[in-house]
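Thanks for coming, everyone. I'll walk you through one structure today, starting with its charged side chains. Have a look first.

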Amino acid sequence: MITTVHSPTRTESERGKETARLSAPHGTKRAKRVRDPERGLKILSAAATLFADRGFHAVSLGEIGSASGIVGSGIYRHFDNKYAVLVALLDKAISDLLDEAEQIADAGLSSSDILTRLVHQQINFCIDRRLEVQLYRQEISSLNPEDARRLKRMQRRYNEEWIATLLETRPELDEANARAMVYSAIGAIQSIVNFDSGLPREALVHRMDKIARACLFVA
């Protein structure tokens, strides 16, 4: 007499797991960890402080990691090397400035109002992101030619927004004079990153606004 032995009935969940196991490619690796963007920003913030204070060449990648609270090789999950940190830092600063300027220009305002907002944007950027402005002026020569050209092209696009807006606001100007006036205004504003004025923020913004407008509107 042959006795038939019935296998226990598997649940749907168990059958699903078995199917997944059999259908998965042999040696499938686990998915890579997703990089935390907040940690990347902490690295950039720490690097900006160290680079501006001591210079790019005097700071090690390990010091940046320690200052940003990332130990060991964790920093390499975000950046390949110290140079990549510098490029990312400058790239983000100029990209943020340019993106906001283009949003202002596309907001449907009068050319005079656009120019006023561009002035205020530059002033607030220099106050809030002083270290990055210092770093760009200080370390642009440390970049390889390709990266330097790319960032300078972005900077020129930003300046062109000002020039085009000034020419609309003051049609009596030619391009050469408009360019000279815009560069004077931006240069005057950016001078505040080189010293501590001692003025409260509101007073500093007001003073730099008057100086920039004098560069742009005095005949």
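Let's begin with a network. Salt bridges link Lys-92, Asp-96, Arg-129 and Glu-132. Please keep in mind that this is a predicted model.

Take one bridge from that group. Arg-129 pairs with Asp-96, and their closest N and O atoms are 2.9 Å apart. Where do the two partners sit? Asp-96 is in helix H4, residues 82-105, while Arg-129 is in the loop between helix H5 (111-128) and helix H6 (130-139), so this pair ties together parts that are 33 residues apart in sequence. Now the solvent side of things. Arg-129 has 18% relative accessibility, and the cut-off for buried is under 20%, so Arg-129 counts as buried. Asp-96 is partly exposed, at 27%.

How many salt bridges does the structure hold? The count is 11. As a reminder, side chains of opposite charge can pair when their charged atoms come close. I'll show two more of these.

Arg-150 and Asp-147 form a salt bridge, 3.3 Å from N to O. Both residues belong to helix H7, residues 145-169, and they are 3 residues apart, about one turn of the helix. Buried or exposed? Asp-147 is buried, with 14% relative accessibility. Arg-150 is partly exposed, at 25%.

Glu-160 meets Arg-179 in a salt bridge, with 2.9 Å between the closest N and O atoms. Glu-160 lies in H7 and Arg-179 in helix H8, residues 175-190, so the pair ties together parts that are 19 residues apart in sequence. Both ends are partly exposed: Glu-160 has a relative accessible area of 33%, and Arg-179 has 26%.

Now step back to the whole chain. How many helices and strands does the protein chain have? It has 9 helices and 0 strands. Reading from the N terminus, the order of elements is α-α-α-α-α-α-α-α-α. Of the 219 residues in the chain, 37% are buried. Then there are the contacts. Counting those between residues at least 6 apart in sequence, 71% join residues at least 24 apart.

Back to H4, the helix that carries Asp-96. H4 has 24 residues. From first C-alpha to last, H4 reaches 35 Å, close to the 34 Å expected at 1.5 Å a residue. Which residues of H4 are buried? Among them are Lys-82, Val-85, Leu-86, Leu-89, Leu-90, Ala-93, Ile-94, Leu-97 and Leu-98. Ala-101 and Ile-104 are also on that list. At the start of the helix, Asn-81 puts a side-chain oxygen within 3.2 Å of the backbone nitrogen of Tyr-83.

Lys-82 brings us to the aromatic rings. The charged end of Lys-82 sits over the ring of Phe-56, 4.5 Å from the ring centre. Searching the whole structure gives 2 aromatic pairs. One of them is Phe-51 with Phe-56, and the pair is edge-to-face. Their centres are 5.3 Å apart, with 70° between the planes. Phe-51 and Phe-56 are both buried.

First, Gln-121, in helix H5. Buried or exposed? Gln-121 is buried, at 6% relative accessibility. What does Gln-121 touch, beyond its neighbours within four places in sequence? The contacts are Leu-97, Glu-100, Ala-101, Ile-104 and Tyr-158.

Second, Ile-140. Ile-140 is in the loop between H6 and H7. Ile-140 counts as buried, with 17% relative accessibility. Leaving out residues up to four places away, Ile-140 touches Leu-135, Ala-148 and Lys-152. Then compare Ile-140 with Leu-86. The two are 54 residues apart in sequence, and 9.6 Å apart in space, C-alpha to C-alpha.

Notes. Residues numbered from 1 in each chain as written. Predicted model: local features only at pLDDT ≥ 70, side-chain atom pairs only at ≥ 80, totals over all residues. Heavy atoms only, no water. Salt bridge = Lys/Arg side-chain N within 4 Å of Asp/Glu carboxyl O. Helix = DSSP H or I, 4+ residues; strand = E, 2+ residues; numbered from the N terminus. Buried < 20%, exposed > 50% of the residue type's maximum accessible area, 1.4 Å probe, protein only. Expected span 1.5 Å × (residues − 1). Polar contact = N/O pair within 3.5 Å; in protein donor to acceptor, adjacent residues only side chain to side chain. Contact = heavy atoms within 4.5 Å. Phe/Tyr/Trp six-rings, centres within 6.5 Å; stacked < 30°, edge-to-face > 60°. Lys NZ or Arg CZ within 6 Å of the ring centre and 35° of its normal.
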